[in-house]
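Take a look at the chain below. Then follow this report from strand to strand.

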Amino acid sequence: ALRTGLSLAIGTTTGYRLFSLSSVEQLDQVHESNEIPDVYIVERLFSSSLVVVVSHAKPQQMNVYHFKKGTEICNYSYSSNILSIRLNRQRLIVCLEESIYIHNIKDMKLLKTILDTPPNTTGLCALSINHANSYLAYPGSATSGEIVLYDGNTLKTACTIPAHDGPLAALTFNSTGSKLASASEKGTVIRVFSIPGGQKLYEFRRGMKRYVNISSLVFSMDSQFLCASSNTETVHIFKLEHLTDSRPEEPPTWSGYMGKMFQAATNYLPAQVSGMMNQDRAFATVRLNISGQRNICALSTIQKLPRLLVTTSDGHLYIYNLDPQDGGECVLIKKHSLLGSGKTEENKENDLQPPLPQSYAATVARQSTVPSTSTMPGYSEDGGALRGEVIPEHEFATGPVCLDDENEFPPIILCRGGQPGKAKRS
């Protein structure tokens, strides 16, 4: 059985905040920092104590903290503004407009610099959270929808995928790193590809009425659903049906039979026609109360039920029920404020002023899953209360990572104030 929790990190005008969501009703503030103003990137390594922060005050500098100890592990400066950061238990990726830096997260050493990437003004890139296949995806062109798939473990390009006609707007891997979803700037078609082969598996139509800017694209942890949100008031959830995957031991069904017919037919039909068979409408939708605001979504299991979570740039978290069988319109069941006082037992002694909601900078949702079968010792931040809990196998590099241990991970002394450079041009 999997126990799935959700950890949220938000950047504010005065610093950043970390939250843990243990139930629909319970949103706990795990940590608040007011040391760095105007934080626009905050990435937490799953539910561990490692947090990476970038602020508008020093947009070319990445700061890595152990927030439980209140210590800075290291900081790095780059040649231009940091646009995005991605991390798993093996790699830390720093994306600039025309270059990407790959660090070994265990000691923060710079392993590779990918120089002269096509202009990537939004810092669009995706990293598999499964460190066993640390695939990195980024735009291979500024004018077309080509995706470069890069192996973060072997530090070599795996393949390029001609995903869309127009420039890319969104990329995301599923939890195991076996699928990659993408959307172009038009936002009308979402495609899912197999990794590392790059074959097209699914194609979903968001709607033809208008072009939209898809800002958030995310799989559920079990890869059964794919959620897309944009600057409109509608969030779309697609179901990755397996009609052609009818196993012999299953009783024959009409849908299974038709699936086999379609599978056979696609072998004889032109690519253009067979591709149409993969198109689908949204399985479920959400109508947000707000429109035009940037939002980020996550699909998670809370209290054993599938939920859709939407965080908006005005500092609110909305939780919706998702019917996994019938889909349809998702029902709003809870709304939380992320910018209130949010004091917990852990930080009541700090009388911190809430930041201004209108300048809320960035919202990031990250899922963390804890299989009960795992025996690795580790550290899980379940509401900021429990220590020494098991961490999923996929969250580890080659050895146990105990972020609450005296053996600091990574070592504090290694890279303070370092500046990446001298990396081979790729």
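Is Ser216 buried or exposed? Ser216 counts as buried, at 6% relative accessibility. The model is predicted, and this report begins around that residue.

## Ser216 and its strand

Ser216 sits in strand β20. Its side chain reaches the backbone nitrogen of Cys297 at 3.0 Å. Beyond four places in sequence, Ser216 touches Cys227, Ala228, Ser229, Asn295, Ile296 and Cys297.

β20 covers residues 214-219, and five of its six residues are buried, so the strand is largely enclosed by the rest of the structure.

Now follow the pairing. β20 and β21 (residues 225-230) are antiparallel and share five bridges. Ile214 stands opposite Ser230 in β21. The two strands form a hairpin with five residues between them. In that turn, Ser223 has a positive phi of about 65°.

A further hairpin joins β21 to β22 through three residues. These two strands pair in the antiparallel sense over four bridges. Here Phe225 stands opposite Lys239 in β22. Next, β22 runs antiparallel to β23 (residues 284-287), again with four bridges.

## A strand covered on both faces

Why is β22 described as largely enclosed? Six of the six residues in this strand (residues 234-239) are buried, so the rest of the structure largely encloses it.

In a regular strand, side chains alternate between the two faces of the sheet. In β22, Thr234, His236 and Phe238 are on one side. Val235, Ile237 and Lys239 are on the other. Both faces are covered, and all of these residues are buried.

The largest nonpolar core has 22 residues. Leu50, Met62, Ile82, Ile85, Leu92 and Val94 have the most contacts inside it. Six strands each supply at least two residues of this core: β4 (39-44), β5 (50-55), β6 (58-66), β7 (71-77), β8 (84-87) and β9 (91-95). A second, separate core has 18 residues, including Val218, Phe225, Val286 and Leu308.

Leaving out residues up to four places away in sequence, Val94 touches Met62, Tyr78, Ile82, Ser84, Ile85, Ser99, Ile100, Tyr101 and His103.

## An open sheet of four strands

Which strands form the open sheet, and in what order? The order is β12-β13-β14-β15, with antiparallel pairing. β12 (126-127) and β15 (156-164) stand at the edges. Each has a single partner strand, so one side of each is left without a neighbour in the sheet.

β14 (residues 145-151) pairs with β15 over seven bridges, in the antiparallel sense. Tyr150 has Thr157 in β15 as its bridge partner. The C-alpha atoms of Pro167 and Gly145 are separated by 4.5 Å, though the residues are 22 apart along the chain. Pro167 touches Ala142, Thr143, Ser144, Gly145, Ser184 and Glu185, not counting residues up to four places away in sequence.

Val24 is in the loop between β2 (16-21) and β3 (27-33). Val24 is buried, with a relative accessible area of 6%. How far apart are Val24 and Ile302 in sequence and in space? They are 278 residues apart in sequence and 6.9 Å apart in space, C-alpha to C-alpha. Beyond four places in sequence, Val24 touches Ile302, Gln303, Arg307, Ile319, Ile333, Lys334 and His336.

Gln29 is in strand β3. It is buried too, with a relative accessible area of 2%. The side chains of Gln29 and Glu32 make a polar contact at 3.0 Å.

## Where to be careful

The mean pLDDT of the protein chain is 76, and 68% of its residues reach 70 or more. Over residues 342-402, pLDDT stays under 50. The model has 166 contacts beyond four places in sequence for that stretch. Residues 421-426 also stay under 50, with ten such contacts. Where pLDDT is low, the predicted coordinates should not be read in detail.

Key
Residues are numbered from 1 along each chain as its sequence is written. This is a predicted model: local features need pLDDT of at least 70, side-chain atom pairs count only at pLDDT 80 or more; totals for chains, interfaces and linings use all residues. Side-chain values use heavy atoms; hydrogens and water are left out. Two strands pair if DSSP finds at least two bridges between them. Buried means under 20% relative accessible area, exposed over 50%, partly exposed in between (1.4 Å probe, protein chains only). Contact means heavy atoms within 4.5 Å. A polar contact is a pair of N or O atoms within 3.5 Å; within protein, one must be able to donate a hydrogen and the other to accept it, and residues adjacent in sequence count only if both atoms are side-chain atoms. A nonpolar core is a set of buried Ala, Val, Leu, Ile, Met, Phe, Trp, Tyr and Cys residues joined through side-chain atoms within 4.5 Å. pLDDT is the predictor's confidence in each residue, from 0 to 100.
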